[in-house]
Amino acid sequence: MPPPLPVPLPSTPPPGRSVHWLVRMNHRNRTFFYALLFLALGAHFLHTGAGPAAWAVLVVQFLVYPQIAYWRARRSPHQATAEMHNIVVDNLFGGLWAGLLGMPVWITFTLFIGNCINVVAFHGYAGLLRLVTAMGCGLLAGLAVYGGRPLHPDIDTATSLLCILALTLFLTVFAHTSYRRAMEQQKSNARLREQFEEIRLLQDQLREQAVRDPLTGLHNRRHLDATLAEGIAHCGAQNLPLSLLMIDIDHFKRINDTHGHAAGDAVLQALALLLQRHVRVQDLACRHGGEEFVLLLPDTPLAVARERAETLRRAFEALRVRHGPEALSATLSCGVAAFPQHAGQPFALLACADEALYNAKVRGRNRVAVHGAAGGRQSTA
């Protein structure tokens with residue numbers, strides 16, 4: 001049996017792991033700024049005649065350390081946290097160098113401002129306390145090593161100019177990096193807004209499809225149930241009438257059996273278009289199921305609803321539906337019920353309109369019947 005494969009330690013990132021944007025950005029900025037500081041402090045070393053050991057420490061601090069900090073943060077399982085620790089170490093080193101060199105003004109100022117920019121950028125004003133604490137500890141340690149010698153706040157002109165150049169270039173690069181990230185964030189936000197709008201439109205389409213009949217494009221029974229209840233509640237509160245038309249195509253099965261289901265679909269679509277042409281903005285036309293349709297007419301008295309039903313009946317009777325070489329024709333029957341005369345509840349009102357439709361069918365089809373009118377519900381026997 002082969003030995004089990006070794007399990008990688010948590011501190012070792014998996015192969016191909018991406019580097020956090022914060023680690024990449026700070027590595028680039030730190031490498032650039034520290035190289036400029038190397039030139040500035042190198043000029044100071046040349047002016048003061050520093051020995052080989054000091055130059056070796058300078059090389060390690062400002063040329064090697066940025067790569068060590070990057071390597072450490074990149075290998076950490078928590079890269080952003082590790083980079084925050086790197087910033088604290090930067091602050092400590094900044095204070096340490098200021099103390100070791102006897103607090104030259106321009107060098108100290110450049111180290112402080114460079115570290116201040118980083119700390120405030122990632123911690124806000126609250127990070128200033130961390131900066132002062134870390135740089136203060138480093139400064140005290142540097143001054144302890146410096147000893148009791150007099151401080152040297154003044155430095156030569158070349159070092160001062162290089163400090164000014166280093167700080168200017170660092171601030172420019174940092175600002176450009178911030179600008180680029182802000183532009184990327186703006187583009188990302190714009191893409192998110194576009195995606196959100198697309199999702200919203202898709203949701204609207206899905207909601208619309210959920211309440212639409214795919215064949216006729218009219219609203220379906222689910223939407224009717226919700227709208228009828230709201231319509232009755234509104235008309236009841238405003239003391240307004242509301243009428244309901246239940247419409248059914250006469251002998252529809254005969255059309256399907258004689259001409260085929262495609263012909264039947266064409267007749268259904270033709271009636272749907274006719275209903276859409278005859279409804280007002282506040283009306284609602286629905287396919288209730290099969291060849292049955294419902295027309296909801298808010299703020300419409302019973303007498304007006306009956307006249308509109310007769311108009312629809314005559315228009316559909318005169319309609320010729322083209323299906324291939326054939327011109328199909330059909331008639332419809334319609335039952336009319338009204339709120340509040342016949343019923344005060346949605347399903348009761350639908351039942352009244354359905355009973356009136358049944359009455360119209362029994363009385364010979366191709367006619368309009370009002371609920372409760374003479375004739376009543378008759379047997380088909």
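Biologist: How many salt bridges does the count come to by this rule?

Modeller: The count comes to 14, a salt bridge being a side-chain nitrogen of Lys or Arg within 4 Å of a carboxyl oxygen of Asp or Glu. The model is predicted: local features need pLDDT of at least 70, side-chain atom pairs count only at pLDDT 80 or more, and totals for chains, interfaces and linings use all residues. Residues are numbered from 1 along each chain as its sequence is written, and side-chain values use heavy atoms, with hydrogens and water left out.

Biologist: What makes glutamate 83 and arginine 30 a salt bridge?

Modeller: Their closest N and O atoms are 2.7 Å apart. Glutamate 83 lies in helix α3 and arginine 30 in helix α1, so the pair ties together parts that are 53 residues apart in sequence. Helices here are DSSP runs (H or I, at least four residues), numbered from the N terminus.

Biologist: Why does glutamate 83 count as buried?

Modeller: Buried means under 20% relative accessible area, exposed over 50%, and partly exposed in between (1.4 Å probe, protein chains only). Glutamate 83 has 1% relative accessibility, so it counts as buried. Arginine 30, at 5%, is buried as well.

Biologist: How do you know that glutamate 310 and arginine 314 form a salt bridge?

Modeller: The N to O distance between their side chains is 3.8 Å. Both are in helix α10 (residues 302-318), four residues apart, so about one helical turn separates them. Glutamate 310 is buried at 15%, whereas arginine 314 is partly exposed at 46%.

Biologist: Which residues are linked in a network of salt bridges?

Modeller: The network links Arg306, Glu310, Arg313, Arg314 and Glu317.

Definitions and conventions: Helices (H or I, at least four residues) and strands (E, at least two) are DSSP runs, numbered from the N terminus.
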